[in-house]
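Let's take a walk through the pockets and the surface of this one. Have the viewer open and follow along.

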Amino acid sequence: MGRVGYFFLYFCLGIVALFQIFPIVWLFLFSLKSNREIFAGSPFALPQEIRWENYLVVWEGGIGTYFWNSVWITGLSIAITLLFASMAVFVITRMKWKLSKLVLGLFMIGLMIPIHSALIPLFNMFLSVNLINNPISIVITYTAYNLPITMMILLGFYYTLPKEIEEAAIIDGASLHRLFFRIILPISAPILATTAIINMIYNWNEFVFINTFISSDKYKTLTVGIQNFVGQYMTDWGAIGATLVISVLPILIAFLFFSNKIVEGISSSAVKG
């Protein structure tokens, strides 16, 4: 491909990148406008007066609590999901036992169950054990529903890990636990980063379970807390835009920091699988 071809390729990629970035820029400008500018002016116009106070309004409205709840619930759910999924896939793929395929099939059945079809049974179960309005119910639900997809992504990678690595570790005297935590998990870092991002997107943006199981403001997350800025007679759209900007930032930052790991995980899984 000559210089003209590369120029045309990068030009097209630049246009695509602009289309991808534009919604984020538009949302940021939207968050700096007043209701009058939003409804009376052009949706693509720059704000006539930058209203940073929209961010102050949402902070005083409890957005800090909602943000922290989103962070620790999402982080804890991801950590538990990755640990349990890695352990389960390690046992299924690297050890020989009669029921391994049956157990794997039971986990994979979870992929065929619509996420919110079990909403009422889960509510009744958590109600019977006094976990309604308790963030533990959210962590349990996120972990259970993310296990099948996480295991499916890890399977292709674990099946193709060379057994010589494990044999060498065992010869050197490594126990089963040390083999898993000191050797297998570090090797799996790229694919774990990929699954962590997938889990984060779902957990961070999930709405129905939080809205159903949590009623107290001190446990609500960003996706539910945004409703506080929607009134019966008037809605502060600038404040809602500010809330959305704050909620989008962690995912963007995660992609920036883990983008290389994500590419490595996808490519290694594709080549080895």
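Helix 6 is the top contributor to the lining of the second largest pocket, giving 4 residues. Helices here are DSSP runs of H or I with at least four residues, numbered from the N terminus. A pocket is an open set of points on a 1 Å grid over the protein atoms alone, where a 1.4 Å probe fits, with protein on both sides within 12 Å along at least five of seven lines; lining residues have an atom within 4 Å of a point. This is a predicted model, with local features needing pLDDT of at least 70 and side-chain atom pairs pLDDT 80 or more, while totals for chains, interfaces and linings use all residues. Residues count from 1 along each chain as written, and side-chain values use heavy atoms, without hydrogens or water.

Back to that second largest pocket: helix 9 (189-205) also supplies at least two lining residues, and the space comes to about 150 Å³, a volume being what probe spheres set on the points fill, with points joined across faces, edges and corners. Among its lining residues are Gly110, Ile113, Tyr145, Pro148 and Tyr202.

Now for the largest pocket, at about 170 Å³. Helix 4, helix 5 (119-128) and helix 6 (135-159) each give two or more residues to its lining, and helix 6 gives the most, with 5. Leu106, Phe107, Gly110, Ile113, Tyr145 and Pro148 are among the residues lining the largest pocket.

One more stop: leucine 99 sits in the loop between helix 3 (53-94) and helix 4.
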